[in-house]
Amino acid sequence: FKTGNRRMQIRYKILIQKYCLNVFNGIFLALGLMLLTFGLWLLFDRNNLFSVLFSSGKNQLVGYISCILLGIGSVITFTSAVGFLGSVMEIKCLLVTFMSFQILVFVTQMVISMLIFVKKEEVHNQWNNRIDEVISEYGNESLAEKEPVWNILNAVQQNMECCGRYNVTQWERNKNKENSTQIPCSCTKSSLKKWFCDVPRDSIYSMGCEEYLNTWFENNVLILAAITISLLITQIFLITLTGQLFRNIRNNNIWPNE
């Protein structure tokens with residue numbers, strides 16, 4: 001009877017641990033798919049502000065970030081499948097593989113997170129420099145391939161009722177105007193479909209777009225950081241639960257049948 005009770009207790013623990021493991025594994029998979037989606041968005045949506053600023057010329061930062069996100073997201077998806085199969089079928093070698101992948105992904109995420117934290121200011125400076133570069137190139141007829149970038153800048157200025165990165169005086173550096181008094185039509189309430197307009201100074205948006213652009217940048221970084229932190233916390237639970245489940249399955253297998 002003691003042996004039977006012991007086996008029942010172990011089976012009860014195994015069932016609870018399998019349930020908890022699959023719940024956390026589902027959360028882990030959902031977060032991994034978020035990273036995968038984020039990476040696909042950066043890779044294929046060329047109309048978002050981050051992509052147009054960081055995927056032109058020698059600056060291929062978007063490509064690197066999207067590849068990292070796609071890689072981690074794919075590994076997480078595969079790892080989750082291994083975990084589900086290992087827990088449901090109670091296959092010890094799959095549980096060991098799952099736990100090994102979890103530790104590997106955990107360490108990789110920690111390294112990448114530290115790298116992003118260290119490089120954040122550098123990326124932010126590149127971000128501002130690239131915006132200034134776009135403003136300098138804006139309206140250059142010999143750079144027609146840059147029009148999608150200029151259209152996004154126009155949309156930002158028009159929707160947020162702002163002008164330039166810090167203010168309207170920044171447009172004085174632009175050498176593509178017919179005369180020095182012109183400014184982008186998007187810096188005013190004008191509905192004219194051309195790059196530059198001659199308008200009175202009192203009808204120009206006085207506020208710069210830097211605050212809006214920085215908020216947009218920070219929000220996307222925070223979303224990515226929140227997903228990463230959630231993944232790390234979930235992985236701690238997964239590694240712990242997988243270890244306990246493996247131990248109980250092994251104990252259940254070696255316990256004599258009576």
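## Surface and model

The chain has an accessible surface of about 14400 Å², and 64% of that belongs to carbon and sulfur atoms; such areas come from the Shrake-Rupley method with a 1.4 Å probe, and for residues only the protein chains shown count as cover. This is a predicted model, in which local features need pLDDT of at least 70 and side-chain atom pairs count only at pLDDT 80 or more, while totals for chains, interfaces and linings use all residues. Residues are numbered from 1 along each chain as its sequence is written, and side-chain values use heavy atoms, with hydrogens and water left out.

## The fold in outline

Let's walk along the chain. Six helices and two strands are found here, in the order α-α-α-α-α-β-β-α. Helices (H or I, at least four residues) and strands (E, at least two) are DSSP runs, numbered from the N terminus.

Of the 258 residues, 41% are buried, meaning under 20% relative accessible area with a 1.4 Å probe, counting protein chains only.

## Two nonpolar cores

A nonpolar core is a set of buried Ala, Val, Leu, Ile, Met, Phe, Trp, Tyr and Cys residues joined through side-chain atoms within 4.5 Å. The largest one has 23 residues, with Cys163 and Trp171 making the most contacts inside it. Two or more residues each come from α4 (92-137), α5 (147-160) and α6 (210-254), and α4 gives the most, with five. Apart from this core lies another, of 22 residues, including Leu69 and Ile249.

## A look at Cys163

Which residues does Cys163 contact, leaving aside neighbours within four places in sequence? Among them are Gln157, Trp171, Cys187 and Tyr205, where contact means heavy atoms within 4.5 Å.

Methods:
Buried < 20%, exposed > 50% of the residue type's maximum accessible area, 1.4 Å probe, protein only.
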